[in-house]
Amino acid sequence: MLELIVQQLLNGIALGGIYGLAALGLTLVYGILYQANFAHAEQYVLAGYVLFFCLAAGIPFAVAALLAVLLGGIIGFLFSQLLWRPAIDRPHATSVLIFFGACLVLSSLVTAFYSPQAQAVSVPVFSNPVSLGGIQTTLGRGVVIIVSLVLLFLTHLLVTRTRIGTAMRAMAQDHRSANLMGINIYNIGMITFVSAGLLAGVAGILIVPLYGVVAPGVGFWMVIRAFCIILLGGRGNVPGTIAAAFLLGILESMFGGFVYAPLSNLIPWVTVIIVLWLRPQGVFGKAIRRVG
Amino acid sequence: MSGLKKFILPVSVIVVAVILPLILTGGYYQHVLIGLLTYILLGASVNLTNGYGGHLNVGQGAFAGMGGYTAALMALHLGAPFWLTIPAAGIVGALVGLIVCVPSMKLWGAYLLVATICAHYALTWMWLNWRSVFGGEGGLGGVSGFSIHLGNFDFEFVGLSEYYLVLAIVVICLVIIYRVIVSSFGRDFVAIREDEILSKMIGIATVKTRAVCFTIGAFFMGIAGALIVHHFHAVAPVTFHVMETFAVVVMVIIGGQGTFAGPIVGAILYVGLMEVLRPAKEFTPLIYGILLILFLIFVPGGLVGLWNTAYSKVRRKVTLG
C-alpha cells in the first residue's frame, strides 16, 4: 500500500512538472502583461507538431527540438505584434477574447490544413526506465521535472535580478507609468511574449513524447489547467506557480488513483473554487488590495 | 410622436420575419429560420451577461443544454406539453446558472471564462456518463414537438405554424430582455461593468446584481435550449457542443456587444455565413477565430456599433449644416 501511495505521489510530481512547464510561460505573460493568453497551450501543441513532422522526416531529435522551440518563440513574437500591441489599451475582457480567438485559430490550423487525427510521436530514449530506490519512472518524466525546476530558477532570476526583469515588473504594476518612465513597453512586451513562446516550445518537445501522441485540441485543456495553476499560485508569482503546479499534479494523481479517475479532470477547477473561496489571493499570492 | 417612432424599426423587423417564410418556402428554409431564431435568443441572453453585464460567460452550452435536457426529460417521462416544458427549462437553466455563478462571484475576467468552460465540461461529462437519465452519447430521442393536446383539442405546430410559434416565443423573450435592460436593474449591470468599486460606493449590491444578471441570462438560454430540443425532437451532448457556444459568442461580438440589435445582426450574419461555408466545414473554427480577432481589434462595437457611429456622424453633419 505504501508503495502504491509513493508511486502515485511520484506520478503526481511528474504531472506537476508537466503542468508547471506548460504554465511557466503563461504566468510570465499573465503576470507581467495581464494578458490571458489562451493560445499559449496551442503554442506548445504546435511545437509538438513540428517535432512530429521533423521526426517523421528523419531529422534527429536535437535539431527537431531546436526548431520546435524556435517556432514557439516566433509564434510568441507574432502574438505580441498582432494581438497585443493593437489592443494594448483596450479593456481586459477584449484582450482575453482576442487570445481566445487566437486559440481557436491555432487549434484549427492543423485540423484544417493537415488532419484532425492524433499522431503518434515517440522519442524512444525518453522511455528508458529509471528507478529510484524501487520506484519506477521513465527518463522522460525525470527530465521534465528537472527541466521545469531549472527553467523556473532561470525565469525567476530573469524577473528578479536583471534590468529587463525589473522593467517587466514595472510594466506589471502600471504599463502607462512604466512608459512614462522611459521603459520601452513595446519591446518589453515583445520579449515577454517571445520568452513565453520559447518556454511553451520547450514544454512541447518534452511533454508530447511523454504522452506519445499529438492531436489538435489537446492544448485547450492544458490551458484551462494552466490558468487554474496561475490562480492558485498568485498572479505574477513565478515560484508560486510552480509550487501550485506540483500541488495540483499531486492532487490530481492521488484523486485519480484512489478516488475516481474520470472526474480527475475537474480537480483543477474544484480546487480553484475552494481555494479562492477561502483565500482570494491564491495559495501563494500576495494579498489583494482591491475592495472586494 | 417620437414615442411611437422608436417602434418603427422593431415592428418592421417583425413584419419581415413574418413574411420571410412565405417567400422562402420549403422545409429546409424553415429549418434554417428556426435555427436563426434560437441563435438570436441565445445571442440576446449572452449579450445580456457579456455585453451589458461585462462578464466573460461562455457557458451557454451548459445552461441551454440543461434546459434542453429538462424539456426532453419532461416530455418523455411526464408527457408534458411544450408550454410547460419551456418555462421549466428556463427555470432549470436559471438554477444551473445560479449554481455556477455563486462560487465564481470572486472571479473576474479570464477566470470567469475558465469557470464557465469547466461548468460546461462538467455537465457534458454528466450527460455522457449518466446514461440511465441522459442517454449518453446518443442522447434522448422521440421528444414530442410543439403540440397541444387539451381534451378534444389537438393541434400540431408543424412547418409554417411551428415557425410562427417559435417566432412568437422568441419575440416575447426579446421584449422581456429589453425591459430588463432598460430597467434600473439593467442600468445597474452596466454600472458594475464599467466600474465595480464605484458601483458599490453608490449603493449597488454588486454581488447580488451580478448573480441576477447571470441567472436571467441563463433562464433565457434554458428556453432556447428547450426550443432547439422540441424542434429537433431529440437531444444529445453534441447538440450543445463547445463549438456552438463559441459560435454564439462570436456572433454577438460581430453583431455588437452591448447593443440590443447586435445579437440579431450577428445571428443573421452567422447563419448566412454558415450556409455559405457549408462545403468547407473544417475551416469554420479557423474563420470564427480570425473574425473574432479582427472584429475585436478593429471594430469592437461590432457591426451595430459601426452603424451607430456612422449614423451619429451623419446626423451631426445634417443638423449642424
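The legends below describe close-up views of a predicted model.

In this predicted model, local features need pLDDT of at least 70 and side-chain atom pairs count only at pLDDT 80 or more, while totals for chains, interfaces and linings use all residues. Residues are numbered from 1 along each chain as its sequence is written, chains are lettered from A and ligands numbered from 1 in the order in which they are written, and side-chain values use heavy atoms, with hydrogens and water left out.

**View 1. Chain A, with 11 helices and 4 strands.** Helices (H or I, at least four residues) and strands (E, at least two) are DSSP runs, numbered from the N terminus. Of the 292 residues in chain A, 53% are buried; buried means under 20% relative accessible area, exposed over 50%, and partly exposed in between (1.4 Å probe, protein chains only). Among the contacts in chain A with a separation of 6 or more, 76% join residues 24 or more positions apart; contact means heavy atoms within 4.5 Å.

**View 2. Helices α1 (residues 2–33) and α9 (residues 218–233) of chain A, with axes that come within 9 Å and cross at roughly 70°.** Axes are lines fitted to C-alpha atoms, for helices over the stretch in contact, and angles run from 0 to 180 degrees between N-to-C directions. The angle makes α1(A) roughly perpendicular to α9(A) (under 35 degrees counts as roughly parallel, over 145 as roughly antiparallel, 65 to 115 as roughly perpendicular and the rest as oblique). The contact is made by Ile18(A), Tyr19(A), Ala22(A), Ala23(A), Leu26(A), Thr27(A) and Tyr30(A) of α1(A) with Met222(A), Arg225(A), Ala226(A), Phe227(A), Ile229(A) and Ile230(A) of α9(A). These residues comprise 11 nonpolar, 1 polar and 1 charged (Ala, Val, Leu, Ile, Met, Phe, Trp, Tyr, Cys and Pro count as nonpolar, Asp, Glu, Lys and Arg as charged, and the others, Gly among them, as polar).

**View 3. Helices α2 (residues 40–56) and α8 (residues 185–211) of chain A, packed at an angle of about 55° with their axes 7 Å apart.** The two helices, α2(A) and α8(A), are therefore oblique to each other. On the α2(A) side the contact includes His40(A), Gln43(A) and Tyr44(A), and on the α8(A) side it includes Ala196(A), Gly197(A) and Pro209(A). The contact residues of α2(A) and α8(A) divide into 10 nonpolar, 6 polar and no charged.

**View 4. Cysteines Cys173(B) and Cys213(B).** The whole structure has 0 disulfides over all chains, a disulfide being a pair of cysteine sulfur atoms within 2.5 Å. For Cys173(B), which is in no disulfide, the nearest cysteine sulfur is that of Cys213(B), 16 Å away. Cys173(B) is buried at a relative accessible area of 5%, and Cys213(B) is buried at 0%.

**View 5. Thr215(B) in helix α11 (residues 206–232) of chain B.** Thr215(B) is buried, with a relative accessible area of 17%. Apart from neighbours within four places in sequence, Thr215(B) is in contact with Ala94(B) and Leu98(B).

**View 6. Two loop residues of chain B, Val158(B) and His233(B).** Val158(B) sits in the loop between β3 (153–156) and α8 (160–182), and is exposed at 54% relative accessible area. His233(B) lies in the loop between α11 and β4 (234–235) and is partly exposed, at 36% relative accessibility. Phi of His233(B) is positive, near 60°, in a residue other than glycine. Most residues other than glycine have a negative phi.
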